[in-house]
Amino acid sequence: MAKTNPFEFLQEVREEANKVTWPSRREIMISTAMVFIMVAIASIFFLAVDSVLHRGVQWILGIAS
């Protein structure tokens, strides 16, 4: 590999960073809200599955109260 001097490397990094399209504040807020909503939905789903499995195991083992 060809070695580049540190100054050239930093110049190239700056050029690449300028090409990045950063999300707007609105896009970040929407994405964050979507993540929270999906976490809530996943939590409710896994709570329901866990409850069903818990009841099923209790019924199979005959230890239901």
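Me: Happy to look at this predicted model with you. In which helix does Val57 lie?
Reply: Val57 belongs to a helix that covers residues 25-61. Its relative accessible area is 44%, so Val57 is partly exposed. The helix that holds Val57 is H2.

Me: Good start! Which residues make the nonpolar surface patch with Val57?
Reply: A residue needs over 30% relative accessible area to join a patch, and Val57 has 44%. The patch comes to about 620 Å². Along with Val57, its members are Trp59, Ile60, Leu61 and Ile63.

Me: How far does H2 reach from its first C-alpha to its last?
Reply: H2 has 37 residues. At 1.5 Å a residue, a span of 54 Å is expected. The model comes close to that, with a reach of 54 Å.

Me: Which residue forms a salt bridge with Glu16?
Reply: Side chains of opposite charge can pair when their charged atoms come close. The closest N and O atoms here are 3.2 Å apart, and the cut-off is 4 Å. The count for the model is 1 salt bridge, and the partner of Glu16 is Lys19.

Me: Nice. Why are Lys19 and Glu16 separated by about one helical turn?
Reply: Both residues lie in H1, which covers residues 6-19. Lys19 is exposed at 61% relative accessibility, while Glu16 is partly exposed at 46%. The separation is about one helical turn because the two are 3 residues apart in helix H1.

Me: Which residue caps the N-terminal end of H1?
Reply: H1 has 14 residues and reaches 20 Å, close to the 20 Å expected. At its N-terminal end, a side-chain oxygen lies 2.7 Å from the backbone nitrogen of Phe7. The residue that provides this oxygen is Asn5.

Me: One last stop: how many aromatic pairs are there, and is the geometry stacked or edge-to-face?
Reply: The count is 1 aromatic pair. The rings of Phe45 and Phe46 have centres 5.2 Å apart and planes at 70°. Phe45 is partly exposed at 48%, and Phe46 is exposed at 54%. Planes over 60 degrees apart meet the cut-off, so the pair is edge-to-face.

Technical notes: Residues are numbered from 1 along each chain as its sequence is written. This is a predicted model: local features need pLDDT of at least 70, side-chain atom pairs count only at pLDDT 80 or more; totals for chains, interfaces and linings use all residues. Side-chain values use heavy atoms; hydrogens and water are left out. A salt bridge is a side-chain nitrogen of Lys or Arg within 4 Å of a carboxyl oxygen of Asp or Glu. Helices (H or I, at least four residues) and strands (E, at least two) are DSSP runs, numbered from the N terminus. Buried means under 20% relative accessible area, exposed over 50%, partly exposed in between (1.4 Å probe, protein chains only). The expected span of a helix is 1.5 Å times one less than its number of residues. A polar contact is a pair of N or O atoms within 3.5 Å; within protein, one must be able to donate a hydrogen and the other to accept it, and residues adjacent in sequence count only if both atoms are side-chain atoms. Rings of Phe, Tyr and Trp (its six-membered ring) pair if their centres lie within 6.5 Å; planes under 30 degrees apart count as stacked, over 60 as edge-to-face and the rest as tilted. Patches are made of residues with over 30% relative accessible area and no salt bridge: like charges are joined within 9 Å, nonpolar side chains (Val, Leu, Ile, Met, Phe, Trp, Tyr) within 5 Å. Accessible areas come from the Shrake-Rupley method with a 1.4 Å probe; for residues, only the protein chains shown count as cover.
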